[in-house]
Amino acid sequence: MLSREKNERLCRVEGEAPMGALMRRFWLPVCLAEEVAEPDGAPVHARLLGRDLVVFRDSEGRVGVLDEKCPHRRVSLVYGRNEEGGLRCLYHGWKIDVQGRVLEMASEPAATPMLSKVRTTAYPVQEWGGMVWTFLGKEEDAPAFTPPPWAPTRDTKVAIAKILLPCNWAQILEGAIDSAHSSSLHSSDFVPAKVAGAEATAKNWLRPSTDKAPRMQVDRTSYGFRYAAIRRPIEDADTQDYVRSTVFVAPFTVLVPPNNLYNVANVNVPMDDTSTAFYFLAWGHPAKTPDTETWRRFLGAQTGADLDERYRPRRNHENRFWQDRQAMKAGNFTGITGFPNQDIAMWVTMGPLADRSEERLGSSDLAIVEFRRRMLSALDEFAAGAEPVALGGNTVSPEVCSFQAIVPKSIDWRAYRARYVWDDLPDGRQLESNYQTGMR
């Protein structure tokens, strides 16, 4: 359990909330690059840490991230015309470029001195890994943009499912680092099998264990922490362990243990105190990582079928997440299709912002407890003037990676020589990064 005071400190990100101040020191994903793929295409609304933004690609292909409101009469620029190098507000025809400069004031005299004086807030932009990134903090605090662990190079193949959820970011992230729940909630999708390690098929992820009560061990780090969920394997349980090691990179990234074909991660970006942009990613070798629509279909996260045009789930508490009770009687554990949708049902039914003071945690919740301790201590360190967690000298090393494997009991998982799932590229090149080896 967590006191209500600490729960508020951990979860809230709007206004002057300490967690929001910490997160404003990071580059944040604001939307998918595909949402603004077309020059002069439709602007996109985004919300980060309680701020409403508009994102657009101008006539020259430059991406702009601006405050949503026009600086004139404060109407939404999301409805504006995207044309000839800027967004033109529908109300009075003011046009604003990607740098926040007002280029034209149709409602003012041609020689108005206001044109050189009025600006709106424009935020720095980077495109990487299929996402548009921005920085909301002070310009002098902006770190150099560094590629995320799940997209170490520009030619890394990344498939992303995006889902906007009506609940707080922390309860989503806690689900991502909770290995114990997968043996129950996802038991119809993560199927026990006599395999050498975790494997993926077109329908399921296979696991070499039937053990539903893992032993947890945590290793705290400067970037967050990593932990191991240790289970009995189906075979050779006397001499071997089945280890799933997850990496938490503060403040909102989880490197999920991979399967035999591709690596997995998720990014949980707070839109505000009670809504989150959840990104679930497959990444790695271009020949083995699924394409975007195949990935979304596998997850049950396709726009149109599963999500509306604004990435909001069609499954919800009101329609019971389309739970099929007949399928449950036939053997499906949850009756909910797509394992992220199973997670979403759990996260959303906790409420918009979970009250952790009523919980009763067990030994399998060690990673959950560590997440809370790590982030609350990160706030204390940040308030005391220390370098923020996971930035600068605290950045996660390229050698750190998640893994799942059958490991001899004589080997400590912390010293296990793990590597990302990545073979030689088709033309014989090696991945031009230390992430290629991933040795720990």
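Student: Into which domains is the chain divided?

Tutor: In this predicted model, the chain is divided into domain 1, residues 31-141, and domain 2, residues 157-415. Taken over C-alpha atoms, the centres of domain 1 and domain 2 are separated by 35 Å, and the contact draws on 11 residues from domain 1 and 12 residues from domain 2.

Student: How should I read the area that domain 1 and domain 2 bury between them, and how much of it is on carbon and sulfur atoms?

Tutor: Buried area is what two parts lose in accessible area on being put together, summed over both. Here domain 1 and domain 2 bury about 990 Å² between them, with 59% of it on carbon and sulfur atoms. On the side of domain 1, the residues that lose the most area to domain 2 are Leu32, Arg47 and Met131, which together account for 43% of what that side buries.

Student: How many salt bridges are counted between domain 1 and domain 2?

Tutor: The count between domain 1 and domain 2 is three salt bridges, and the count of residue pairs in polar contact between these domains, both at pLDDT 80 or more, is six. As for the elements involved, strand 1 (27-32) and strand 2 (44-48) each supply at least two residues of the side of domain 1 that touches domain 2. For a salt bridge with its distance, take the side chains of Lys162 and Glu35, which meet at 2.7 Å, N to O.

Student: Which residues touch the most other members of the largest nonpolar core?

Tutor: That core has 114 residues, and Val55, Trp150, Trp295 and Phe371 touch the most other members. Helix 7, residues 366-383, gives the most to this core, with eight residues. Since domain 1 (31-141) and domain 2 (157-415) both give residues to the core, it lies between them.

Student: Is helix 3 mostly covered or mostly exposed?

Tutor: A residue is called buried when its relative accessible area is under 20%. By that reading helix 3, residues 169-176, is mostly covered, as eight of its eight residues are buried; among them are Trp169, Gln171 and Glu174. At the start of helix 3, a side-chain oxygen of Asn168 comes to within 2.9 Å of the backbone nitrogen of Ala170.

Key. Residues are numbered from 1 along each chain as its sequence is written. This is a predicted model: local features need pLDDT of at least 70, side-chain atom pairs count only at pLDDT 80 or more; totals for chains, interfaces and linings use all residues. Side-chain values use heavy atoms; hydrogens and water are left out. Buried means under 20% relative accessible area, exposed over 50%, partly exposed in between (1.4 Å probe, protein chains only). Helices (H or I, at least four residues) and strands (E, at least two) are DSSP runs, numbered from the N terminus. A polar contact is a pair of N or O atoms within 3.5 Å; within protein, one must be able to donate a hydrogen and the other to accept it, and residues adjacent in sequence count only if both atoms are side-chain atoms. A nonpolar core is a set of buried Ala, Val, Leu, Ile, Met, Phe, Trp, Tyr and Cys residues joined through side-chain atoms within 4.5 Å. Domain bounds come from an automatic or database domain assignment. Contact means heavy atoms within 4.5 Å. Buried area is the accessible area (1.4 Å probe) that two parts lose on being put together, summed over both. A salt bridge is a side-chain nitrogen of Lys or Arg within 4 Å of a carboxyl oxygen of Asp or Glu.
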